[in-house]
Amino acid sequence: MKAIYYADATTSLFKGSNVVADDHTLKANETFENPSGKVEPAKMVNGSWVDATPEEHDAYLKSQQKSLITVTPSADDKGLNELGKQVAKLTKDNLALIQLVNSLGQQIASVQKNDEEKGGN
């Protein structure tokens, strides 16, 4: 098995890679040469990858930045976010209630101890 790297048939720009049998016959837009390390977008010329020009590279970077536009969360994502907030609030409220119950328990124990010391029930 060998790795091949291929270019878009129209633009000659790097498109992807694949694993093929050892006896694979390369097509016009395929090569065994790995384009890693080439300045993006690498372009295939006569079966070899060449670096992009500085102008091509700048245009490529700008197009990549435009594709990083903030994605609006879906209704499901918003709903899960709201549920998460509710769980956090309930957890906080539950801890406050536990502290309150513990405090009341200590007060009751203190009152009972005082009653016993005074000869009460």
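## Before we start

This is a predicted model, where local features need pLDDT of at least 70, side-chain atom pairs count only at pLDDT 80 or more, and totals for chains, interfaces and linings use all residues. Residues are numbered from 1 along each chain as its sequence is written, and side-chain values use heavy atoms, with hydrogens and water left out.

## Counting the bridges

A salt bridge here is a side-chain nitrogen of Lys or Arg within 4 Å of a carboxyl oxygen of Asp or Glu. How many salt bridges does this rule give? The count comes to 3.

## Asp8 and Lys15

Asp8 and Lys15 join their side chains in a salt bridge, at 4.0 Å from N to O. Asp8 is partly exposed, at 23% relative accessible area, while Lys15 is exposed, at 56%. (Buried means under 20% relative accessible area, exposed over 50%, and partly exposed in between, using a 1.4 Å probe and protein chains only.)

## Two pairs in helix H2

Helices (H or I, at least four residues) are DSSP runs, numbered from the N terminus. Helix H2 spans residues 75-117 and holds both Lys85 and Glu82, which sit 3 residues apart, about one turn of the helix. Their side chains form a salt bridge of 3.5 Å, N to O. Lys85 is partly exposed at 49% relative accessibility, and Glu82 is partly exposed at 40%.

Lys89 and Asp93 also lie in helix H2, 4 residues apart, again about one turn. Their salt bridge has an N to O distance of 2.9 Å. Lys89 is exposed, with a relative accessible area of 53%, whereas Asp93 is partly exposed, with 33%.
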